[in-house]
Amino acid sequence: MKILIVGSGGREHAIAWKVSQSEKADKIYCAPGNAGIAEYAECVDIGAMEFDKLAAFAKEHAIDLTIIGMDDPLVGGIVDVFEAEGLRVFGPRKNAAILEGSKAFSKDLMKKYNIPTAGYENFDDPEKALLYLKTAEMPIVLKADGLALGKGVLICNTHEEAEAGVKEIMMDKKFGSAGNQMVIEEFMTGREVSVLSFVDGNTIKIMTSAQDHKRAGDGDQGLNTGGMGTFSPSPFYTQEVDEFCRKYVYQATVDAMKAEGRTFKGIIFFGLMLTEKGPRVLEYNARFGDPETQVVLPRMKNDIVDVFEACVDGTLDQIELEFEDNAAVCVVLASDGYPVKYEKGFKIKGLENFKEKDGYYVFHAGSKFDADGNIVTNGGRVLGVTATGKDLKAARANAYQATEWIEFDNKYMRHDIGKAIDEA
């Protein structure tokens, strides 16, 4: 098969690496890709939002399957464009990707179909939002309705912070049009867990659990980021939690989308909060998580192309997902100053240390080749250093050891990824 992957981050690198192991994958392309993805795929200079160009490329090169990695093209309707051209594509259509594209939509869906989540109100008028806050209990959570690179969520501890947050999201448009609408949500306490799943419209198959670290600094301090590291599995995702979610969350979401005439095929990412009252859905994503993919796929035993095809064909009920009985930890190496201001173009040294080392991986999030063919930094999140181990403590030790093999100017990372493991 000829396979095209759309995207350019660490998630897409992990997907390309996994696809390259498939016996079905003869030739892999990635648009636009990055310097790390180039090891497995031919990178194509077409942007992820250039739908017509991507579809034309897929037709011209007789692509058998296109895999959409990123949220923006999915929410923008890239799958609809490909399907209209008779092309096989993995991912939800535009009317289903709204599950991630609009937080107001997903909250209303959960309310309508009794899927457990936090209490909330939706607003499209900042004045009404400010009025609502006057009698609301603190702390409280403000969410920009649309896509905001994983950063459009504010946790406010005081009324003053909350009012400033409404201004930031809806009036100053810090997250652009994502802030045209806003969700104000009750603050929940507990452990966060990420659960990825494959969906074929009817059947849902759950992958192994993971846990992300969103804040820029150690001890969950600093600004929200796209994710500074993750581990899998989560020791807090117990059999009891799994049974509850299978009964009240996972299949219920797939069935709700189908009932709404928005049949979902692709990946549903469930962001869960394990509260004292039981698991609650924090958010949905309509694609693989980043960096969760970097710890989930190295543990997956299946040929991933078989699973992608089963989702497209509606035969997922015939697939049994299998994962290694081990653990994985990913530590993101970022550019100092991320997520606000940072420099690019620094030469990355030490990538060769990962060659032929079983259980150690380096996934490129923001890298490119310079004019001399050197791999240099090209983003806020630069690399995801991932390692496996017999258990989470071993995987964590291995991952942090591997971060020392890489050098570049302004290298920054958190030192407590997976520290919760030690407290479990």
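Cys43 is partly exposed, with a relative accessible area of 32%. Partly exposed denotes the range between buried (under 20% relative accessible area) and exposed (over 50%), computed with a 1.4 Å probe on protein chains only. The model is predicted: local features need pLDDT of at least 70, side-chain atom pairs count only at pLDDT 80 or more, and totals for chains, interfaces and linings use all residues. Residues are numbered from 1 along each chain as its sequence is written, and side-chain values use heavy atoms, with hydrogens and water left out.

The cysteine closest to Cys43 by sulfur position is Cys30, at 5.6 Å, which is too far for a bond. Cys330 is in no disulfide either; its nearest cysteine sulfur, that of Cys30, is 18 Å away. Cys330 is buried, at a relative accessible area of 0%. With a disulfide taken as a pair of cysteine sulfur atoms within 2.5 Å, the count is zero.

Helices (H or I, at least four residues) and strands (E, at least two) are DSSP runs, numbered from the N terminus. Helix α1 (residues 10-20) meets helix α11 (residues 304-313), with axes that come within 8 Å and cross at roughly 105°. Axes are lines fitted to C-alpha atoms, for helices over the stretch in contact, and angles between N-to-C directions run from 0 to 180 degrees. The pair is therefore roughly perpendicular, a class spanning 65 to 115 degrees; under 35 is roughly parallel, over 145 roughly antiparallel, and the rest oblique. Ile15, Lys18 and Val19 of α1 make the contact with Ile304, Val305 and Phe308 of α11. Contact requires heavy atoms within 4.5 Å. These residues comprise five nonpolar, no polar and one charged. Nonpolar covers Ala, Val, Leu, Ile, Met, Phe, Trp, Tyr, Cys and Pro; charged covers Asp, Glu, Lys and Arg; the others, Gly among them, are polar.

Helix α6 (residues 103-112) is largely enclosed by the rest of the structure, because seven of its ten residues are buried. The buried residues are Lys103, Ala104, Phe105, Ser106, Lys107, Leu109 and Met110. Asn114 follows α6 and has a positive phi, near 55°.

An unreviewed UniProt entry annotates residues 107-313 as "domain: ATP-grasp". The span is 30% helix and 32% strand, and its end C-alpha atoms lie 29 Å apart.

Phe354 lies in the loop between β17 (327-335) and β18 (360-364). Phe354 is buried, with a relative accessible area of 8%. Beyond neighbours within four places in sequence, Phe354 contacts Tyr360, Tyr361, Val362, Val385, Ala402, Trp405 and Ile406.

How values were computed:
UniProt positions renumbered as here; feature names shortened; annotations may be inferred.
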